[in-house]
Amino acid sequence: MKRNNYFTTLLFFGIIALWFTTPMTAQDHFRMSADYTIKGKSPDGTQHLTTGTAYFDKNIKKIVFDVKFPQKETWVQKDTVIYKIKNDSLINRSKSINIADFTIFSMTLSGKLSDYGLKDSKFILTNVEKDGDKIISTWEPPVTYKKFMGKVMIMKQNDNIAGVIFFNKDGIIISRQFFRGYKNIKGMDFPTEVIIEKNINGEKFYEITSYENIKVDDYENEDKYDYKIPTP
């Protein structure tokens, strides 16, 4: 297995996050954590595996990844900076897009995962059709965004998001995601498996992320949710 740069995926979603500018609404639940396993495959057939635990508190707005494999380290994103910590020492920091409000944890806590946040965004609902027990909706970006992005299609089943497809401005699919294995946790439906296919420069990348041991409003790991970044 080749080591995976987990933040390749995070940065991809960070770019998408720029399309949605409406603030998240407040909900009763404020934090989530989950053990994750990511299995990926690159166009050349190289496979990678990453495991660890993710922590997110919507009030603190830090995304903390306690990586267990392929090597023990911690990744923290705060605002527009990603910090890499190993053996309690800061070994790298880099600029990124702030995606705190656009993780699967944040969208679940805010009640916006079912429509991927599109309902409260600047996107415009242009079509809705039914296919058996599935409802497929098409959302168009505002005019000012159409020069660099295309429509988004959402598939819902049993009131939960089952799939989402992103297109570029030329109508070419750049990403497909599928959400499976929903569990109800404290009144919130959370998918325990997310399958992602990314089309980057004509090459396809695949990732399957599995979640387990999901906790909501955990008070036992304060140091994880508000991870103290060591000074250089």
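Arg-31 is buried, since its relative accessibility is 2% (buried means under 20% relative accessible area, exposed over 50%, partly exposed in between, with a 1.4 Å probe and protein chains only). Keep in mind that this is a predicted model, where local features need pLDDT of at least 70, side-chain atom pairs count only at pLDDT 80 or more, and totals for chains, interfaces and linings use all residues. Residues are numbered from 1 along each chain as its sequence is written, and side-chain values use heavy atoms, leaving out hydrogens and water.

**Exercise 1.** Find which residue forms a salt bridge with Arg-31.

*Solution.* 
- Start with the criterion: a side-chain nitrogen of Lys or Arg within 4 Å of a carboxyl oxygen of Asp or Glu.
- Now place the partners: Glu-222 sits in helix α3 (residues 222-225) and Arg-31 in strand β1 (residues 31-41), so the pair ties together parts 191 residues apart in sequence. Helices (H or I, at least four residues) and strands (E, at least two) are DSSP runs, numbered from the N terminus.
- Check the cover: Glu-222 is partly exposed at 39% relative accessibility.

**Exercise 2.** Work out whether Asp-66 is buried or exposed, then do likewise for Lys-68.

*Solution.* 
- The two side chains meet in a salt bridge, 3.5 Å from N to O.
- Asp-66 has a relative accessible area of 6%, so Asp-66 is buried.
- Lys-68 comes out at 41%, so Lys-68 is partly exposed.

**Exercise 3.** Count the salt bridges in the whole structure.

*Solution.* 
- Searching the whole structure turns up 13 salt bridges.
- One of them joins Lys-134 and Asp-133, at 3.7 Å from N to O.
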